[in-house]
Amino acid sequence: MSGASGPQRLTPGDCAGTNKGATVRVLFSSTWGYGHIFPMIPLARAFVAAGHEVRWATSVDSCPIVAAAGIDAVPVSLSHQALGEIQQRSRPAMAEIRPEDKAAFVFPRMFGAAVAPATLADLLPIAQDWRPQLLVHEQAELAAPLVGALLGIPAVTHAFGGAVPVAFVDEAGERLAPMWAEHGRTVPEHAGCFASTYLDICPPKVQTVPLGHIKTVQPLRPVAYTGEPMGVLPEVLARQGDPLVYITLGSVQGQSTNHPAVLQAAIDSLDGLDVRILVTVGPGGDVAALGAQPSHVTVERYVSQTEVLPHCVAVVSHAGSGTVLGSLGAGLPQLCMPQAADQFRNSAGVVGAGAGLALHPDDATPEAIGAAVRRLLVEDVFRQAARGIADDIRAMPAPEDVVDTLVRLA
């Protein structure tokens with residue numbers, strides 16, 4: 001963590017002396033999906049607002065997400081169909097792995113060996129043609145460090161939540177050694193990440209991974225963004241009445257093969273409580289899979305989380321990074337029910353900070369979920385801890401505060 005031998009932590013004052021009149025071209029790059037794209041959109045918009053040129057390279061199927069935010073998007077890497085085929089081939093091996101161990105298996109194989117070379121094949125020509133002066137890549141997009149090395153420009157690594165364990169990144173680097181060798185390079189430590197600045201959007205109280213391997217850390221406020229305003233919100237948000245509890249397992253289907261059952265267990269667990277319930281099944285989910293529900297339960301495919309959270313008193317979720325940070329930013333206590341990916345680390349961070357409770361998939365019975373939610377609603381200590389973290393988040397540098405610091409790198 002921080003300290004004499006830890007990372008250098010930058011503050012807004014470190015950007016003093018920047019040439020504010022300089023315009024730079026900034027190329028963002030990300031893998032697919034809301035959880036990897038949404039965290040970077042506030043920074044991209046801040047660059048645009050400051051008068052810089054911004055392009056964003058991502059999966060062809062995710063380009064509309066970026067374009068909807070007003071950012072010029074260009075396609076790279078694999079389609080969602082191709083990614084699904086890769087995931088399908090890995091399922092036999094995944095079936096033998098405990099849920100909490102799946103992230104260590106997936107990160108180096110999926111984001112490293114499978115996706116990064118395909119991304120590089122498209123990203124390098126784009127960069128060679130457009131000639132950006134700065135790259136900003138999310139932590140799971142591992143082609144950008146090589147692009148930066150080949151073009152001699154800095155590649156800034158942007159967190160999508162808490163830090164990824166260094167062992168995951170290092171193994172990805174080992175699997176990417178052939179990709180670097182094809183271009184006459186030896187893969188650097190940490191897959192080439194962190195050679196420049198690391199943008200850390202995780203408040204320290206919730207961070208579970210030491211950052212001592214990273215030379216320069218720039219804290220960055222996790223500004224809530226989960227898509228453009230919906231226009232017409234679910235009726236439950238406008239209706240006055242009992243407190244609202246939000247239940248979601250995120251936007252990615254397939255992390256759990258039992259999504260409807262887990263969601264229904266969460267709904268059933270709150271039976272008898274004087275609360276309204278809003279459930280989302282994900283953009284690709286099936287609302288009908290949950291069947292008929294009582295009048296106090298509303299089921300939607302997807303809602304903009306930033307528009308939902310101000311109406312809530314508590315959140316029950318899979319502990320995805322976006323949901324965890326968004327809920328903490330709103331000062332809401334939460335019950336974490338991790339299924340895979342980084343969700344177990346996020347859950348540990350929430351529990352360690354005193355802002356919520358967590359249930360392992362094996363323990364998430366309706367009785368246990370109900371008991372946990374009752375504690376969150378009754379015991380004010382969880383809400384007070386969440387509000388304290390919300391204050392910490394508001395004190396972190398906003399995207400517009402760090403633009404000049406990053407421009408100076410270029």
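Residues are numbered from 1 along each chain as its sequence is written. Because the model is predicted, local features need pLDDT of at least 70 and side-chain atom pairs count only at pLDDT 80 or more, while totals for chains, interfaces and linings use all residues; side-chain values use heavy atoms, with hydrogens and water left out.

**Stop 1: F28 and F47**

The structure holds 8 aromatic pairs. Rings of Phe, Tyr and Trp (its six-membered ring) pair if their centres lie within 6.5 Å; planes under 30 degrees apart count as stacked, over 60 as edge-to-face and the rest as tilted. Select F28 and F47: the ring centres are 6.1 Å apart and the planes stand at 75°, so this pair is edge-to-face. The pair links distant parts of the chain, with F28 in strand β2 (residues 25-29) and F47 in helix α2 (residues 41-49), 19 residues apart. Helices (H or I, at least four residues) and strands (E, at least two) are DSSP runs, numbered from the N terminus. Both F28 and F47 are buried, meaning under 20% relative accessible area, where exposed is over 50% and partly exposed is in between (1.4 Å probe, protein chains only).

**Stop 2: F107 and F111**

Next, select F107 and F111, whose ring centres are 5.4 Å apart with planes at 55°, so the pair is tilted. Both lie in helix α5 (residues 102-130), 4 residues apart, about one turn of the helix. An α-helix has 3.6 residues a turn, so residues three or four places apart point the same way. F107 counts as buried at 5% relative accessibility, and F111 is buried at 12%.

**Stop 3: a ring cluster**

Select Y34, F38, Y225 and Y302, which ring pairs link into a cluster.

**Stop 4: helix α6**

Move to α6 (residues 144-151), where 6 of the 8 residues are buried: A144, P145, L146, V147, G148 and L151. To see what covers these buried residues, show elements including β2, α5, β5 (134-138), β6 (155-158) and α8 (177-181). Just after α6, G152 takes a positive phi of about 70°.

**Stop 5: H52**

Finish in the loop between α2 and β3 (53-59), where H52 sits. At 8% relative accessibility, H52 counts as buried. What does the side chain of H52 reach at 3.1 Å? The backbone nitrogen of V24. Leaving aside neighbours within four places in sequence, H52 is in contact (heavy atoms within 4.5 Å) with A22, T23, V24, F47, V403 and V407.

Technical notes:
Polar contact = N/O pair within 3.5 Å; in protein donor to acceptor, adjacent residues only side chain to side chain.
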